[in-house]
Amino acid sequence: MVQSFTPRQRKVRILATLGPASANAEMIAQLHRAGADAFRVNMSHGDHAGHAKVIAAIRALEKDTGRPTTILVDLQGPKLRVGTFKDGPAELVKGKPFILDADKTPGDATRVHLPHPELFAAAEPDTRLLIDDGKLVLRVKSVAPDRIETIVEVGGKISDRKGVNVPDVVVPLAALTEKDRKDLAFALEQHVDWIALSFVQRPEDVAEARRLIGGKAALLVKFEKPSGVQRIEEILELADAAMVARGDLGVELPPEAVPPLQKKIVATARRMGKPVVVATQMLESMIVSPSPTRAEVSDVATAVYDGADAIMLSAETAAGAWPVEAVTMMDSIARSVESDPDYYRRLHFTETVPDATTADALAEAAGSIIATIAADAIICFTASGSTARRVARERPGAPLLVLTPKKEAARRMGLLWGAHAVPTKDIGSFEEMIAKGKRMALRHGICKAGAKLVMMAGVPFGTPGSTNVLHVATLTGDELRGYS
């Protein structure tokens, strides 16, 4: 018997980061009950043994609930850092010179070692170097093969191994470090569902990751650098999903530049039919407080109104004092927005033009049928999940039930707007499609007797990418009779 699980009462998904405050089976289960649809494992912290226990706990939860549960592993990516200082933190003074060089000797208030030869090659006069998440700003005056001479524009204390951001140029660094490659191999061995690629600057970064993944997981690209956003369409062509990683974007750009970029990334991903996640500092104050600020609530609401597929909690659930409350609050905000009578009108500000394919034409038609005859649900039969993504791109005003013979495809749906995915045996005929679609709609509480269902599938059945059937059926309510 297929186990049932009442669909979430919202369309946007919630991605919760696991960490010291939440990396145990009991808390993971609480987060799921509170509304978390997917879990993020951050490879910047912890070790493989600890991550393996967390992944096992999520898979155990999946068995307990009978619901496919989504795991995203987030690779750390390249981190640029300065070296060490001889006498502890040094004070950089505005207007004074400061040098970054290849000398490994511990630094002082005049210079420091920079263990990244790629930066010497990439830096140009008048570009900026941002230290410690932008707390200090250096302006490059001249560059030599082994030293960068700068002037301090924003001073302050600098200490050992603080991070360096270079917003004005493309640094010739591979998006995958040696650590990332080991972490990726581990993640694939654990059969996770999504891999998040950090600090993407070029399409080539994505192509390399996709080659290494080899179809064993879906690939999400994080837009953290302005250079990546400038090539967003080229990058997204090679990826399966996008993330607006506002933390590093906010370091490399003025704060006021981030909201327009967020809207651009969300709109572009939606037009291209790729799920998009909005992340970082969404309910930041809930790390220490049981309730958020009004500004944070508005921020989450804006992402939902813009049509993001998923919204993410970072330190709020990984290290905060109120992880369950943070998920509960995010769920409550999303449901409130989606109950707004203007929600769907706002969603469709972003125009999603269908490609010249049968599947895209049918997905658009399904949305029109829902609106015209007030159908109650869309039921999508899919092997790879591509049909479900096409339907979700249209943001239909009815529940989306995704039936797939592949558990892996069902798990990946945890980042897809509105999708309630169910692994089930494949269908072999048109009649079976209609009968199974009706039974599943009843069993999972999608609809009741008298409901109209829009069904989509591909003939011949079981052939990926062959969506060519759209059918409208009506539930009588007795379709489960004789089925346990």
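In this predicted model, the chain splits into three pieces: domain 1 (13-77 + 174-338), domain 2 (90-165) and domain 3 (358-475). The C-alpha centres of domain 1 and domain 2 sit 31 Å apart.

As for the overall make-up, the chain holds 17 helices and 21 strands. Its radius of gyration comes out at 24 Å, close to the 23 Å that the globule rule gives for 484 residues, so the chain is as compact as a globular protein of that length. Along the principal axes, the C-alpha trace spans about 80 × 45 × 40 Å. Some 55% of the 484 residues count as buried. Looking at contacts between residues at least 6 apart in sequence, 68% of them join residues at least 24 apart. The chain exposes about 20,100 Å², and carbon and sulfur atoms supply 53% of that area.

Another part of the chain forms an open sheet of six strands, in the order S6-S5-S9-S8-S7-S11 and with mixed pairing. Strand S6 (111-113) and strand S11 (164-165) stand at the edges; each has a single partner strand, so one side of each is left without a neighbour in the sheet. Further in, strand S7 (residues 128-131) and strand S8 (residues 136-144) pair in the antiparallel sense over four bridges. Within this pair, Leu129 stands opposite Leu138 in S8. In general, strands of a sheet pair through backbone hydrogen bonds, in either the parallel or the antiparallel sense.

Most residues other than glycine have a negative phi. Ala374, though not a glycine, has a positive phi of about 55°, and Arg395, also not a glycine, has a positive phi of about 50°. Both are in loops: Ala374 is in the one between helix H14 (358-373) and strand S17 (377-381), and Arg395 is in the one between helix H15 (386-393) and S18. Their surroundings can be told apart by accessibility. Ala374 has a relative accessibility of 53% and counts as exposed, because the cut-off is over 50%. Arg395 has a relative accessibility of 2%, so it falls under the 20% limit and counts as buried.

Asp331 is another charged residue to check for cover. This residue lies in helix H12 (residues 323-338) and, at 12% relative accessibility, counts as buried. Leaving aside neighbours within four places in sequence, Asp331 is in contact with Arg10, Ile14 and Ala34.

Two further loop residues are partly exposed. Lys406 is found in the loop between strand S18 (400-404) and helix H16 (407-412), and its relative accessible area is 42%, which makes it partly exposed. Lys406 and Met330 are 76 residues apart in sequence and 30 Å apart in space, C-alpha to C-alpha. Ala257 has its place in the loop between helix H8 (246-252) and helix H9 (258-271). With a relative accessible area of 25%, Ala257 is partly exposed too. From Ala257 to Asp193, the separation is 64 residues in sequence and 32 Å in space, C-alpha to C-alpha.

Notes
Residues are numbered from 1 along each chain as its sequence is written. This is a predicted model: local features need pLDDT of at least 70, side-chain atom pairs count only at pLDDT 80 or more; totals for chains, interfaces and linings use all residues. Side-chain values use heavy atoms; hydrogens and water are left out. Domain bounds come from an automatic or database domain assignment. Helices (H or I, at least four residues) and strands (E, at least two) are DSSP runs, numbered from the N terminus. The radius of gyration is taken over C-alpha atoms; the globule rule is 2.2 Å times the number of residues to the power 0.38. Buried means under 20% relative accessible area, exposed over 50%, partly exposed in between (1.4 Å probe, protein chains only). Contact means heavy atoms within 4.5 Å. Accessible areas come from the Shrake-Rupley method with a 1.4 Å probe; for residues, only the protein chains shown count as cover. Two strands pair if DSSP finds at least two bridges between them.
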